[in-house]
Amino acid sequence: LSLDPSARLSPIEYLERLSPSSKAKTKSDTKADKSSSSTAPMPSCFQAALYPFMLRLRTEILSPDARIALVACHYESILKAAVGVEDDWGGAYFARVLGPTLSRIES
């Protein structure tokens with residue numbers, strides 16, 4: 001990151017630069033960068049699932065209650081994408097709390 005805001009990249013540019021699928025290296029790479037492990041600091045689930053979800057949550061959903069409902073509605077898919085775990089009990093709980101209407105709208 002740069003102290004000068006005009007010299008900073010956009011969030012999506014940082015995401016692309018730090019994601020595991022990023023193959024392009026910039027001129028600012030140092031010897032330390034090249035000698036470090038080959039894994040990127042940004043997990044692949046972030047670009048594939050979490051970033052698009054958070055972008056939607058931030059730009060489309062305005063009320064706090066609607067944001068909570070959206071996260072609850074997508075709980076199972078978020079958990080699966082982030083840590084690879086399935087939580088049938090949690091998914092059933094949120095489906096029961098949200099009701100069939102919201103679950104059907106978001107599916």
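User: In which helix do tryptophan 89 and tyrosine 93 both lie?
Analyst: This is a predicted model. Here tryptophan 89 and tyrosine 93 sit 4 residues apart, about one turn of the helix. An α-helix has 3.6 residues a turn, so residues three or four places apart point the same way. The helix that holds both residues is H6 (residues 88-106).

User: Is the aromatic pair of tryptophan 89 and tyrosine 93 stacked or edge-to-face?
Analyst: The ring centres must lie within 6.5 Å to pair. For tryptophan 89 and tyrosine 93 the value is 5.8 Å centre to centre. Planes under 30 degrees apart count as stacked. With 5° between the planes, this pair is stacked.

User: Is tryptophan 89 buried or exposed?
Analyst: Exposed means over 50% relative accessible area. Tryptophan 89 has 65%, so this residue is exposed.

User: What is the angle between the planes of tyrosine 93 and phenylalanine 94?
Analyst: These two rings form an aromatic pair, 5.3 Å centre to centre. Planes over 60 degrees apart count as edge-to-face. The pair of tyrosine 93 and phenylalanine 94 is edge-to-face, and the angle is 70°.

User: Which residues do ring pairs link into a cluster?
Analyst: The count comes to 3 aromatic pairs. Ring pairs join these residues into a cluster: Tyr75, Trp89, Tyr93 and Phe94.

User: Why are the buried residues of helix H4 on the same side?
Analyst: The buried residues of H4 (residues 64-73) are Ala69, Leu70 and Ala72. On the other side of H4, Pro64 and Ile68 are exposed.

Notes
Residues are numbered from 1 along each chain as its sequence is written. This is a predicted model: local features need pLDDT of at least 70, side-chain atom pairs count only at pLDDT 80 or more; totals for chains, interfaces and linings use all residues. Side-chain values use heavy atoms; hydrogens and water are left out. Buried means under 20% relative accessible area, exposed over 50%, partly exposed in between (1.4 Å probe, protein chains only). Helices (H or I, at least four residues) and strands (E, at least two) are DSSP runs, numbered from the N terminus. Rings of Phe, Tyr and Trp (its six-membered ring) pair if their centres lie within 6.5 Å; planes under 30 degrees apart count as stacked, over 60 as edge-to-face and the rest as tilted.
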